[in-house]
Structures are given as structure tokens and as C-alpha cells.
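Subject: A structure for you to explore

Hello,

I have a structure to hand over to you, and I hope you enjoy looking through it. Please open it beside this message and follow along as you read.

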Amino acid sequence: MVMKISILGTGYVGLVTGACLAEQGHNVVCVDIDQKKVELINKGVPPIYEIGLNELLKKNKEKIIATTDAKSAIKDSEMTIICLGTPSKKDGSINLSFIKRGFEKIGNILKQKKWHVVVVKSTVLPGTTKDFIIPILEKISGKKAGIDFGIAMNPEFLREGKAIKDFLKPDRIIIGTYDDKTKKTMQKLYQDFNCPIIITGFTEAEMIKYASNAFLATKISFINEIGNVCKKLGIDTYDVANGMGYDKRISRAFLNSGAGWGGSCFPKDVKALIAKAKETGEKLSILEEVVRVNDLQPLKLIELLKKNISNLEGKEIGILGLAFKKDTDDIRESRAIPVVIKLIEEKTLVKAYDPKAMDNFKKLFPKIKYCNPKDVLNSDAVLILTNWDEFKKYNYTGKIVIDGRRIEEAKKGIYDGICW
Ligand code: UDX
């Protein structure tokens, strides 16, 4: 069944969702306030870097259009998926002002429509759909959720760099909803997907998203703490992780120790969940430690560096990798950020290279030197912060290398690994 779908927000979640639903045969209208983004999408050019997105947009050009006109897009579609950002406020709690405006627009249009399904894909804290979103929609439209319009909470589990694969071949699809008509529409939307579709309440769906991300971040901080001890005991943490991973209850995924986790989701989501728990009078002490371990982890690289060069002042230190992980230009909460801040404090001369993320990093650190990999390798020492595949091809012979991401080939240098 081909559907007409409007998507609010063309960040990586919105655009990937749009491109993948078009690939499934649906007609998609992507809405964004940014005219430049809209023009690019209409030319079949993705405004963000995401593997496979370029091809998908070009291939499905006839089935995706972009516009700044939210009103018409919502009016002319049967379903609107909200993929607007929910950034953190200073205290870690989430800022709902973007999604609020989005739902107000939808509420106004619902007034004129017989039936429309609204899907919340933005990451929102448990309770938000029920206590914040539905009241806005009902108040503005004068209609009743589940009776006059449908609403579902359908969290995304998309990894940047693998978002298209994660969308088209998910481990599971979670749909929080409470009326049968919406449930059936959502099941139809995902009818060609070969994975379990789990129907829950709204609040459960919201919590599944937060608890999943918090658990994955916990796995990484856990293996990093074990890794820090392994380092002291002369044990290779990767051997330990491999051995643990054979236990199906544990699984090997997300047990790669290193400089820690960053990105647009884990840091924001874990902190927002901690803040939400506080509101209820509960303390998420495990997650508080998960964050603390992650804050300290990148600085381990500087400790190891100082073992090789005791006085860092005036030394040239190369950084390989600025993106928060490989295959993305995203530097949000990248572990390279605290490392560069510390190196600047230590009065070193920082020389950095990243295949995709240098432009973004320049906005944060305009004064450090950005160069090609050869120049970076020509420093007094090199720190590896991202696991880009191309870093495997460099010649590290004779260089001091402190590795935060397990690039085996770098072992040809004067090498030290963070947890191995
Ligand atoms: C994450 C979730 O995986 C995804 O389901 C969610 O919806 C969005 O957030 P993403 O932020 O794109 O996706 O990156 P992910 O691949 O999960 O990695 C997050 C961070 O953890 C990166 O900084 C990565 O380098 C680090 N990481 C990951 C490790 O340090 N070790 C691992 O074993 C795995």
C-alpha cells in the first residue's frame, strides 16, 4: 500500500527516513525551514554526509520532494512523521521548543482533516507524547487523539554512517500507540520489513529508546573501565571482550574499548534520562558513573602521551580523527574535543586531520592547524581518536603513536594503546 507521507525535519533521521520510505515505494514530502537544504534535496543532493543516501535520493527523486511549506505538506499527506531535533539544555534536560512549534502547525491542519496519523520519531522523554504532545494537538485542533486523528510514538535506532542499513534492516520496530486504526496503519507502513514489530504504549516506546541508548553507553563505559585495569595488568582488553562476547547473554557488540563514546545521541540521551529520573526522586547512579568514566576516558591518551614526552610545551602533536566515529562528518561530543582542549592547555601545537570532519571542527577550533595525514604523522607524536578505515593504510614506522581506537597497523610505530 503506497502512502503519502510528510516528514518534518530533514536532519539525518528525517532525511534517512524519507529516503528509505521512498525506497519502499511511498511518496514523501520532506519539510524543513532551511531553504538551502530544501533546494539541495530537490536536486537529489543530501545536505549531510551519510553512506548510501546520495544514491537513494537520486534513485527515488520522483518519490521525494522537499519544501519549506509545512502546511501544504501536512494537508496533502495521510501521515506526518516528526523528526525535529530535541537538543539538550544546559542542565541536561531536553529542549522541546522545536517540536512544540511542529505540533502546533500540525494541530492547526488537523482541524481541516477527517483523519491523519501523526508519528513521533524525535527522541522524547517518557511521558512526552501523552502529557505534552497529545494535549497540544487536541487543544489546537479541537479533536480527540485516537478518535479523530491517529498518533504513534515510533523511536529510531539509527546509527550515523549505518543509518540506511539500520532503517531498512532493523533488529526491531517499536510502535507506541493506543488506537486500532493507527496500529493497523503503522503495521502497513512497515509491512515489508522482516523483523519483529512490537506494539506498546507511548511511554513504554519512549523509554525503550532511552534505556537502549543508556545500556549501550553503559556497555562501552564498562569495557573502558575494565580496559583501564587491563592496561595496568598488561592484558589486551580486546582478547577479554572477544572472550566475553561469545556468551549470547553478553554479546560482543559495543565492547570495543577506546577513547569513549560521543555523537548526537548517547551523551544527550543519557544525561536527559538522568535529569528525568531526578525529577521523579530517583538517582540513576550507574548512569552517572557511565558519564563520569566517559568524561575521563579520552584524557587517558594524554597520560600515555606524557609517558613518552614528559614536557609537552611547544611540541607538535598530531591528531588523526576528529569525527565522533568513522564514516561521518559529525563532531558532536567527539572525544577529540576534550583531547584538543587539554593539548591547547598544555601549550602544544596541535596538527589535525580527518577525512570528513575538518570543516565542522574548524568552527569550534579555528586556531589549530589542519593538514594532510602526512603532515600530521610528521609531528612529535600522533594520537588516534577515530577509527577511519584509511588510517590503516598510513605508514607509522618510527612515529610515536598513542591509539584510542585500535588501529592495528599503527603498531608498526612506537606504539601504545589506550586499553591494550
Ligand atoms: C547511536 C545508537 O547506536 C543508535 O541506535 C541511536 O539511535 C543513535 O545513537 P550513533 O550515535 O550514530 O548511534 O553511534 P554508535 O555507532 O552507536 O556509536 C556511538 C559512540 O560510541 C561513538 O563515539 C563510537 O565511537 C562509540 N563506540 C561504539 C565505542 O567506543 N565502542 C563500541 O564498541 C561502540
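This is a predicted model: local features need pLDDT of at least 70, side-chain atom pairs count only at pLDDT 80 or more; totals for chains, interfaces and linings use all residues.

**Around the ligand**

Where in the chain does the shell come from?

The side chain of Lys 325 has an N or O atom 2.9 Å from an oxygen atom of the ligand. For Lys 209, an N or O atom of the side chain is 3.0 Å from a ligand oxygen. With Leu 255 the backbone takes part: one of its polar backbone atoms is 3.4 Å from an oxygen atom of the ligand. How much of the ligand is covered by the protein? On its own the ligand exposes 660 Å², and the protein buries 92% of that.

**The largest nonpolar core**

Next, have a look at the largest nonpolar core, which holds 48 residues. Which of them touch the most other members? They are Ile 319, Leu 320, Phe 361 and Tyr 396. Several elements give two or more residues to this core, including the helices α13 (299–308), α15 (358–364) and α16 (373–377) and the strands β9 (316–320), β10 (349–353), β12 (381–384) and β13 (400–403). The largest share, 5 residues, comes from α14, which spans residues 336–345.

**Backbone details**

Helix α2 (residues 35–42) is worth a look at both ends. At its start, a side-chain oxygen of Asp 34 reaches to within 3.0 Å of the backbone nitrogen of Lys 36. Just after α2, Gly 44 takes a positive phi of about 80°.

Positive phi values also turn up in residues other than glycine. One of these is Glu 333, with phi near 55°; Glu 333 sits in the loop between β9 and α14. Another is Arg 406, with phi near 60°, which you will find in the loop between β13 and β14 (414–417).

Are these two residues buried or exposed? Glu 333 has a relative accessible area of 36%, so it counts as partly exposed. Arg 406 has a relative accessible area of 16%, and because buried means under 20%, Arg 406 is buried.

**A few single residues**

- Asp 166 lies in helix α7. Its relative accessible area is 10%, so Asp 166 is buried. The side chain of Asp 166 is joined to that of Arg 159 by a polar contact of 2.7 Å.
- Asp 131 lies in helix α6 (residues 128–141). With a relative accessible area of 53%, Asp 131 is exposed, and its side chain makes a polar contact of 3.3 Å with the side chain of Lys 130. Asp 131 and Thr 203 are 72 residues apart in sequence, and their C-alpha atoms are 9.7 Å apart in space.
- Phe 157 is placed in the loop between β6 (150–153) and α7 (163–168). Its relative accessible area is 21%, so Phe 157 is partly exposed. From Phe 157 to Asp 179 there are 22 residues in sequence and 24 Å in space, C-alpha to C-alpha.
- At 47% relative accessibility, Val 229 is partly exposed. Val 229 and Thr 218 are 11 residues apart along the chain, with 17 Å between their C-alpha atoms.

Best wishes

Conventions
Residues are numbered from 1 along each chain as its sequence is written. Side-chain values use heavy atoms; hydrogens and water are left out. A polar contact is a pair of N or O atoms within 3.5 Å; within protein, one must be able to donate a hydrogen and the other to accept it, and residues adjacent in sequence count only if both atoms are side-chain atoms. Accessible areas come from the Shrake-Rupley method with a 1.4 Å probe; for residues, only the protein chains shown count as cover. A nonpolar core is a set of buried Ala, Val, Leu, Ile, Met, Phe, Trp, Tyr and Cys residues joined through side-chain atoms within 4.5 Å. Buried means under 20% relative accessible area, exposed over 50%, partly exposed in between (1.4 Å probe, protein chains only). Helices (H or I, at least four residues) and strands (E, at least two) are DSSP runs, numbered from the N terminus.
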